[in-house]
Amino acid sequence: MAEHPAYPVGLRLTGRRVVVLGGGQVAQRRLPALIAAGADVLLVSPGATPSVEAMADAGEITWERRGYADGDLADAWYALIATSDPEANTRASAEAERHRVWCVRSDDADRATAWTPATGHSEGVTVAVLTTDAKGRDPRHTAAIRDAVVEGLRDGTLVAPHHRTRTPGVALVGGGPGDPDLITVRGRRLLAEADVVIADRLGPRDLLAELPPHVEVIDAAKIPYGRFMAQEAINNALIEHARQGKSVVRLKGGDPYVFGRGMEELQALAEAGIPCTVVPGISSSISVPGAAGIPVTHRGVAHEFTVVSGHVAPDDERSLVDWPSLAKLTGTLVVLMGVDKIGRIAETLVAHGKSPDTPVALVQEGTTAAQRRVDATLATVAGTVVAQEVRPPAVIVIGEVVAVGRPGAV
Ligand SMILES: C[S@@+](CC[C@H](N)C(=O)[O-])C[C@H]1O[C@@H](n2cnc3c(N)ncnc32)[C@H](O)[C@@H]1O
């Protein structure tokens with residue numbers, strides 16, 4: 001008989017009887033998907049694995065503790081034959097054929113009337129992979145194809161834009177500290193689906209080069225803002241593009257809510273009635289020290305870490321940071337946007353009790369090819385920054401953790 005390809009189909013099993021013969025490893029692997037499909041599962045088996053037993057105990061399946069008997073498949077829509085008794089499997093297959101019940105056989109795919117594809121899910125889509133015919137059956141290969149497709153869809157390396165369900169709007173995406181591998185899977189997928197990307201200078205700029213040519217990439221720093229403040233101009237650009245029915249990604253460095261003005265953008269979009277989703281990102285405040293070998297906490301050294309903005313100096317009346325209190329903390333201080341003000345920050349901390357010998361590290365352009373780390377102490381940091389020409393963006397870490405990962409440190 002000529003070998004024809006299998007015909008793929010999606011069974012809608014809600015409330016329909018599915019009979020599973022055998023309660024071993026095969027049943028254990030297949031049952032969760034049958035339960036998720038809403039099938040009315042009857043398991044016929046003298047024994048079962050602990051996991052299968054737990055599904056029966058939880059009422060997810062009905063379990064009759066006995067061997068297969070003729071007539072078990074009479075009311076089934078679909079059957080999984082997976083007992084350890086080949087003779088029982090053959091009898092059950094024959095019964096399935098008689099009742100015209102599609103059946104999968106774990107011991108003999110050739111004699112089965114159905115095959116289970118390798119399946120995976122991503123964002124409302126089920127990916128199911130089958131070999132074309134019995135001769136080409138290679139479950140590892142189909143599973144590998146399934147994994148590649150699902151992973152690709154999840155991380156955006158396989159671009160399949162939504163056409164029917166995609167809703168225009170804005171996604172505020174935290175892009176992480178700069179290394180393109182450090183964006184979240186969701187962020188990368190949204191980026192792959194965007195029509196317009198408004199990006200900051202910080203963050204994973206390399207990802208922009210990978211975008212398809214039709215995607216409009218706008219540098220947030222270059223949006224003309226005339227009589228508006230820069231932030232207002234960015235908010236307006238987001239609103240305008242979303243109103244044109246486009247999918248807009250606002251790609252931000254680190255996490256949108258860590259000194260990222262994410263909430264201001266969210267509020268402006270909400271006021272304009274534009275749907276907005278926020279995707280968290282890996283903040284430079286933790287990841288950049290980590291990339292330079294500095295843990296922000298370490299057992300027996302620091303039980304807390306505090307992240308502060310250094311964009312205004314301690315003696316500036318606009319500062320909301322309580323530097324005298326910070327000087328009294330024993331844990332780690334992480335300062336963002338503080339390169340220009342580090343001299344006055346160090347002076348203030350020392351004036352309020354912190355030891356001038358407290359170790360300090362500046363990590364410039366962390367997680368990128370240009371990353372560099374410069375070490376100092378509170379007493380020397382002002383001079384070191386000038387002498388070593390440290391430039392923003394840099395994360396400054398102050399505290400004993402700085403010494404932990406140094407060569408020779410215990
Ligand atoms: C406006 S804040 C934004 C922070 C961002 N939302 C986050 O969670 O990382 C910008 C500051 O973050 C720090 N920064 C961000 N990315 C960095 C990187 N790759 N290397 C060093 N510092 C970085 C610098 O202190 C920079 O001045």
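Reader: Before we start, what pLDDT do local features need, and how are residues numbered?

Author: Residues are numbered from 1 along each chain as its sequence is written. In this predicted model side-chain atom pairs count only at pLDDT 80 or more, totals for chains, interfaces and linings use all residues, and local features need pLDDT of at least 70.

Reader: What separates the centres of domain 1 and domain 2?

Author: The protein is divided into domain 1 (17-116), domain 2 (169-279) and domain 3 (285-404), with bounds from an automatic or database domain assignment. Taken over C-alpha atoms, the centres of domain 1 and domain 2 are separated by 50 Å.

Reader: Where does the ligand lie relative to domain 2 and domain 3?

Author: There are 23 residues around the ligand, with Gly254, Val258, Ser283, Ser284 and Gly366 coming nearest; being near takes a C-beta atom, placed from the backbone, within 6 Å. Domain 2 and domain 3 both give residues to this shell, so the ligand's place is between them.

Reader: Which element gives the most to the shell around the ligand?

Author: Two or more residues come from α9 (284-291) and from β17 (394-398); helices (H or I, at least four residues) and strands (E, at least two) are DSSP runs, numbered from the N terminus. With 3 residues, the top giver is α9.

Reader: How many residues of the shell around the ligand are nonpolar, polar and charged?

Author: Ala, Val, Leu, Ile, Met, Phe, Trp, Tyr, Cys and Pro count as nonpolar, Asp, Glu, Lys and Arg as charged, and the others, Gly among them, as polar. By class the shell has 12 nonpolar, 9 polar and 2 charged residues.

Reader: Are α1 and α2 roughly parallel or roughly antiparallel?

Author: Helix α1 (residues 25-36) packs on helix α2 (residues 50-57) with axes 9 Å apart, at an angle of about 30°. Axes are lines fitted to C-alpha atoms, for helices over the stretch in contact, and angles run from 0 to 180 degrees between N-to-C directions. Under 35 degrees counts as roughly parallel, over 145 as roughly antiparallel, 65 to 115 as roughly perpendicular and the rest as oblique. That makes α1 and α2 roughly parallel.

Reader: And how do α7 and α8 lie to each other?

Author: The axes of helix α7 (residues 230-243) and helix α8 (residues 262-271) come within 10 Å and cross at roughly 45°. The two helices are therefore oblique.
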